[in-house]
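Trainee: I'm new to this one. Could you walk me through it, one piece at a time?

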Amino acid sequence: MSNHTPHPSSYRDPSGFIFEKDGSLYRQVNKVFKDDFDLFIASGCYENLVKKGWLIPHDRVIENFTGDKEWYTTLQPETIPFISYPYEWSFDVLKDAALLTLGILRTSLESGMILKDASPYNIQWYKGKLIFIDSLSFEKYDETEPWIAYRQFCEHFLSPLLLSYYAKSSLQELLLAYSDGIPLQIASSLLPWKTRFSMHIYLHIHLHAKYSAKDPGPTTQKTVFSKKKLLNLVTSLELLIKKLNPGENKTTWSGYYDEAAGRGDYLAHKQLIISQWLDKVKPSTVADHGANKGEFSKLAAAKNIPVIACDFDAVCINGLYREIKRSGEKNILPLIMDITRPSPAIGVNNKERASFMERTNTDMAFALALIHHLVIGKNIPFDKIAVFFQTVCRYLIIEFVPKEDEKVAYMLNQKKDIYPHYTEQYFETVFSNYFSIEAKEKISGSGRTIYLLKKNER
Amino acid sequence: MLEHLLYIDPGSGSYLVQVIAAAVLGIAFFFRNIRNYIRSFFTRTPKKPNDNPPA
């Protein structure tokens with residue numbers, strides 16, 4: 001009778017869990033959480049948060065799909081089309097997720113509720129912005145109690161933001177290693193000494209690390225807290241996080257389009273071809289691999305197609321996120337993703353957070369001006385690249401950059417040419433094992449060829 | 001009955017540090033408010049804190 005599958009990441013909280021049934025996701029609320037959940041709705045907290053667009057709306061389904069004795073009610077939240085994880089987000093995304101969490105905490109306090117969980121995994125990308133997805137993270141507020149999720153917030157948000165800010169480098173990969181947040185002691189020891197002179201950083205990281213490392217002993221005194229004190233804490237965190245504004249650093253790739261724009265009508269012709277193919281195939285979703293600043297992602301987004309823009313260059317992706325925020329673009333999700341080592345599956349039984357390839361199955365993928373970096377830059381054979389794309393998409397628009405191209409010639413100047421098979425003909429032969437060539441065109445202003453490929457149905 | 005609270009380990013250290021941090025911040029914000037008040041007295045457009053998270 002209970003033909004449901006509990007979601008592998010939803011096991012921590014006894015208040016309820018996520019499960020799948022007949023292709024839809026539901027959230028069960030357990031009896032143990034009945035009072036808090038009822039108050040969450042009755043206090044207007046849910047309504048306030050949904051109205052602000054900060055919490056995913058849900059429908060209530062009065063049916064016990066799981067047959068569980070603990071069942072109180074079932075919720076059907078709106079569906080998030082693509083799940084992404086903090087280790088794929090750029091600095092500004094994590095920063096905005098932190099500020100959203102604090103904003104939600106403030107709003108919940110106004111309704112006599114408190115946020116009991118401050119995990120970035122509870123935040124997802126939905127309709128062009130960040131949204132909180134766990135409607136069971138709210139409980140009745142007891143003014144005498146401090147914030148239960150304070151340490152979690154500091155380890156999940158503050159530690160990586162501060163480390164990245166002071167290292168002047170993108171460190172989102174640390175979140176892959178420390179998926180439960182970067183421990184305070186580690187953050188404290190890695191941060192520069194001068195941060196001890198910042199009151200906010202000293203309190204939330206250094207002092208916090210010192211106290212959390214101590215054994216509290218058998219007797220713990222009852223601490224007395226107040227709402228005003230909690231709000232001071234939130235204000236302090238907000239002031240600190242808002243000040244973290246890394247400049248837009250230049251990287252090898254950040255000036256790519258400025259440079260490419262100088263190559264005659266190369267860009268314009270490429271855009272025209274892609275635009276025509278998009279109109280022909282009409283994909284429902286696109287993933288732009290090696291998106292750089294998202295020039296071609298925007299082309300698809302303008303046709304109202306949801307796009308995942310992936311690039312391993314964190315500066316480009318952060319720049320794209322800033323641009324999306326400014327312009328209000330709703331169709332692009334910018335992610336830091338290195339195609340040569342996509343996010344692995346992690347967590348309990350390696351099932352808690354799915355790998356990038358398990359999550360990605362777009363109608364179409366772009367691989368524009370990418371293949372020479374993979375084959376010549378990283379020594380990856382055509383066959384392995386073809387396998388990647390046939391796993392993650394149905395249609396592929398891929399650009400072949402020949403050896404005669406100035407960029408490839410430049411790369412080969414610096415290393416031995418061990419790539420006798422890097423030819424257009426061999427590229428076609430290998431990719432034809434997985435895809436059929438629907439169309440191909442020479443891009444003017446370059447010796448490059450662009451292909452529209454369709455995955456072979458097996 | 002409070003089992004559902006225990007799935008996050010807040011650590012007593014985190015509770016204690018919140019008490020200390022809140023006390024320090026209480027004093028700091030008290031002086032900050034006085035400073036802001038004096039500042040707004042001399043400037044026509046006082047800087048309003050923007051508490052809204054990004055939407």
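Mentor: Happy to, and keep in mind that this is a predicted model. Ask away.

Trainee: Let's begin with a pair of residues. Which residue in β3(A) does Lys21(A) stand opposite?

Mentor: Look at strand β2 (residues 16–21) and strand β3 (residues 24–30) of chain A, which pair in the antiparallel sense over six bridges. Lys21(A) belongs to β2, and its opposite number in β3(A) is Ser24(A).

Trainee: Which strands of chain A stand at the edges of the sheet?

Mentor: Five strands make an open, antiparallel sheet in chain A, in the order β1-β2-β3-β5-β4. Two of them have a single partner strand each, so one side of each is left without a neighbour in the sheet. Those edge strands are β1 (5–6) and β4 (58–61).

Trainee: On to helices. Are α4(A) and α7(A) oblique or roughly parallel to each other?

Mentor: Helix α4 (residues 150–167) and helix α7 (residues 199–213) of chain A pack with their axes 11 Å apart, at an angle of about 125°. Among the residues that meet there are Leu158(A) and Leu162(A) from α4(A), with Ile201(A) and Ile205(A) from α7(A). Roughly parallel would take an angle under 35 degrees. The two helices are therefore oblique.

Trainee: Last one: how far does α8 of chain A reach from its first C-alpha to its last?

Mentor: Helix α8 covers residues 227–243, which is 17 residues. Several are buried, including Leu230(A), Leu233(A) and Leu237(A).

Notes
Residues numbered from 1 in each chain as written. Chains lettered and ligands numbered in written order. Predicted model: local features only at pLDDT ≥ 70, side-chain atom pairs only at ≥ 80, totals over all residues. Pairing = 2+ DSSP bridges. Helix = DSSP H or I, 4+ residues; strand = E, 2+ residues; numbered from the N terminus. Expected span 1.5 Å × (residues − 1). Buried ≥ 20, exposed ≤ 12 C-beta atoms within 10 Å, placed from the backbone. Axes fitted to C-alpha atoms, helices over the stretch in contact; angles between N-to-C directions. Parallel < 35°, antiparallel > 145°, perpendicular 65-115°, else oblique. Contact = placed C-beta atoms within 7 Å.
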